[in-house]
Amino acid sequence: MLSTMQDVPLTVTRILTHGMTIHGKSQVTTWTGEPEPQRRTFAEVGRRAAQLAHALRDELGVDGDQRVATLLWNNSEHIEAYLSVPSMGAVLHPLNVRLPAEQLIWVVGHADDKVVIVNGSLLPLLGPLLPRLPSVEHVIVAGPGDRSVLAGAAPRVHEYEELIAGRPTTYDWPELDERQAAAMCYTSGTTGDPKGVIYSHRSIYLHSMQVNMAESMGLSVKDTTLVVVPQFHVNAWGLPHAAFMSGINMLMPDRFLQPVPLAEMIERERPTHAAAVPTIWQGLLAEVTANPRDLSSMARVTIGGAACPPALMAAYDKLGVRLCHAWGMTETSPVGTMSSPPAGLTAEEEWPYRITQGRFPAGVEARLVGPGGEHLPWDNRSAGELEVRGPWIAAAYYGGSDGEVLRPDDKFSEDGWLKTGDVGVISDEGFLTLTDRAKDVIKSGGEWISSFELENALMAHPDVAEAAVIAVPDDKWGERPLATVVLKEGATADYQALRAFLGRTVAEWQLPERWTVIPAVPKTSVGKFDKKVIRKQYADGELDVTRL
Ligand code: ADP
């Protein structure tokens, strides 16, 4: 028997029209570096999204599922593109502003981007690449910045404000199939070539609802979220679409991502929530420790994209800011887990739950797979590769404009689950604790050592600012851990003392005997520890390693 229910497509268009009417008074505030930030209501943003759609269609001829790329910071124009481009039936492609030039050229070509909307401040990045971006026919420039780099460029150049000015503020949005492509995102390539994931209208809609659930970010019209996670990093973790669905005010930092302006915007605008990777919160902590600021409005922070050191959580607890750990990937839209402890616990009892990666929502099914392909029990002990499936999880990668998709065996199981490449354990209540990326785990004499566990333990030491642990070849054990440590200002390296400190929480046989101090942990384009770089530095003999 079929249901008697209406079958209304779940689309970004609906998110746009709902947000700009029902939540028309909610605001997008963009930091400008001027005394006053720029403030636009959702109603204005929605009208400007309609104007942008007219410009793209009538002036630039964007049609069908053509790709419109963005090379933008987190700001109002970027939100306008997020809503406008998918709603007109085209496909939004946010570009990672920190990608090396060769990779940027590769992804623009692979996605066959026809238009690039770029911030003026990012023209020094885009300009020199244009001769190598043959698919790009139009460049739309928004915000301040020197335009001279575009002189003589092959694509037609437009000014964002001039382009949309005077156009109708409503648009006859087409009826779309919810399974159609809405946006695409390439993985940041931490462990290989970028791979393109194409999100559907349906996956974005369902994911936005998940983001808004109480056990996830759980925000409302009374909240303001500081969206530090870049809009090119898995759609800013779904926040812009979720915000338009629930009327959550957005505070957008634009290019002001350094600790000092972030501290200033938090103190002045008093957001109630924020989202970013751990390195951002490490940087901000160092700043507010040196120059105290009131961050307490920001009651909750969603932290993920890399393992959150428990010591960081504890430090923010003292500032009245609760870091809530989450796990996800480009392929999972990205919400895969969020850590929200069960009911009825004291703060102390909540702690072991808070430091896990969190629990799976109903939309994400999970299983752990052992080395022989066997499914492992959820006993918080059996470690295996995490596989997931659900309506906002990728089933394949984009293979190019001929419509082909890619389903590599190392990323998808035969029965269609996503192989995450992450290794961990799951408790009987469904709390996930990751111990490593499969590629980073240290295989010592047939046993696995968790690099996360060593890093977290090290970063709890008062002299340690950051620590990354990699596997290095060892004649006797196959691999052993090398601890690379960034010391806090004024601290000196005492490896024996650090090793003894680790020995309080980590088994003796797992303790590193190789140590080095580095000035900073190299970071990927989205601010994660880049262990590829450290491995290469070690292999090239560039690290001054002490062996205990
Ligand atoms: P890339 O794979 O290029 O770094 P993604 O942003 O998609 O790009 O990264 C997803 C990966 O980030 C996950 O597979 C996992 O290894 C890591 N990750 C994300 N969140 C966490 C977390 N909370 N704890 C540990 N690792 C995390």
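**A tour of rings, charges and one histidine**

Begin by selecting Lys 195 and Tyr 397, where the lysine lies over the face of the tyrosine, 5.7 Å from the ring centre; a charge sits over a ring if NZ of Lys or CZ of Arg is within 6 Å of the ring centre and within 35 degrees of the ring normal. This is a predicted model, in which local features need pLDDT of at least 70 and side-chain atom pairs count only at pLDDT 80 or more, whereas totals for chains, interfaces and linings use all residues. Residues are numbered from 1 along each chain as its sequence is written, and side-chain values use heavy atoms, with hydrogens and water left out.

Select next Arg 367 and Trp 417, where the arginine lies over the face of the tryptophan at 4.1 Å from the ring centre.

Then turn to Trp 106 and Tyr 186, an edge-to-face aromatic pair with 6.2 Å centre to centre and 85° between the planes (rings of Phe, Tyr and Trp, the last by its six-membered ring, pair if their centres lie within 6.5 Å; planes under 30 degrees apart count as stacked, over 60 as edge-to-face and the rest as tilted). Tyr 186 counts as buried at 9% relative accessibility, while Trp 106, at 38%, counts as partly exposed (buried is under 20% relative accessible area, exposed over 50%, partly exposed in between, with a 1.4 Å probe and protein chains only).

Finish at His 158, which counts as buried at 8% relative accessibility, and display its side chain together with that of His 138, because a polar contact of 2.9 Å joins the two (a pair of N or O atoms within 3.5 Å; within protein, one must be able to donate a hydrogen and the other to accept it, and residues adjacent in sequence count only if both atoms are side-chain atoms).
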